[in-house]
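Please consider the following points on aromatic contacts while viewing the structure.

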Amino acid sequence: MKSSASASPSTVAGAAPRGLPALDGRVMVVLAAVVAVAFALGARSSPAGFLALAVAVLAVAAFAAMRWPLPTLVASAILTTVDLKISPRLLPAGLDAFPIGLSEPLLAVVGLSIAIGAVRRGTFLGAFRDPVLPLALLFVGLAVVSAVVNATPPVVALLGIVMTLDALAIYFTVRMVPLDERAATAAIAAIVLAVVAAAVFGLVQAVLGPDLLGFTAFRGNHGEGARITSFFGNPNMLAAGIGLAIPFALFASLRLENARWRWAARVALFVLACA
């Protein structure tokens, strides 16, 4: 899929866009990991603590989306696959994010940041010049008519339409992003790293206990015993993620120019194969 407009090499390569401070990508990954861990450990302390940490997470995500839009969008989208299992463990008593979870606000902030960057680059409107747009509008129209004809409660109808439109919103947001080989590589790396993290937890789940940290393993009805689910809560979702990541890891293990990155890809491939 091509970007709706070309961008300057500095923007695509990860140089700081005008008005943003320079920051090494590796430093940003470490910062994001630290903020995520702090949120996971402290979010349940109190509603005030949850709000403060959530603002910190969203601020980091907004900056990352302005500077590295594609990998940030990919990483945020991946979180939606584990949201139902993770969100209830992070919310303090008295707060309930059902049914939107915690990934929806994150995606909204990331998408808004990317849209602002697209307006500055002049690629915002061009992203919607696509045959998918009239089909999306037709879908919304049919969904509204169906909700009216079937007397669907307004809240249920609204949530159903909005959550289905999430995928379309991500599609158009991707079209706003400058795309070159380096940006695509970063996005693929985000996918592989996320799945490797889930695979590592799944392996630990298999060794230490199928219900590790409360993430209940799947017990089949045909005598196969417990199957690891990691953060997904479903072994088939985990398998789909592993199946998606293995070809990228295999390619990287053979074709990357940097020898250290090739060995890192081989380690990732080994972990994925074991899971």
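Predicted model: local features only at pLDDT ≥ 70, side-chain atom pairs only at ≥ 80, totals over all residues.

1. The structure holds six aromatic pairs. In one of them, the ring centres of phenylalanine 63 and tryptophan 68 lie 6.4 Å apart with the planes at 70°, so this pair is edge-to-face; the angle required for that class is over 60 degrees. Phenylalanine 63 is buried, with a relative accessible area of 18%. Tryptophan 68 also counts as buried, at 18% relative accessibility.

2. The pair formed by phenylalanine 128 and phenylalanine 172 is stacked, because the ring centres are 5.2 Å apart and the planes stand at 25°. Phenylalanine 128 belongs to the loop between helix H6 (103-121) and helix H7 (132-149), whereas phenylalanine 172 belongs to helix H8 (residues 154-175). The pair therefore ties together parts that are 44 residues apart in sequence.

3. Accessibility should be noted for the partner ring as well.

4. The stacked pair of phenylalanine 128 and phenylalanine 172 belongs to a cluster in which ring pairs link Phe124, Phe128, Tyr171 and Phe172.

5. A contact between a charge and a ring also deserves mention. The charged end of arginine 266 sits over the ring of tryptophan 263, at 4.6 Å from the ring centre.

Methods: Residues numbered from 1 in each chain as written. Heavy atoms only, no water. Phe/Tyr/Trp six-rings, centres within 6.5 Å; stacked < 30°, edge-to-face > 60°. Buried < 20%, exposed > 50% of the residue type's maximum accessible area, 1.4 Å probe, protein only. Helix = DSSP H or I, 4+ residues; strand = E, 2+ residues; numbered from the N terminus. Lys NZ or Arg CZ within 6 Å of the ring centre and 35° of its normal.
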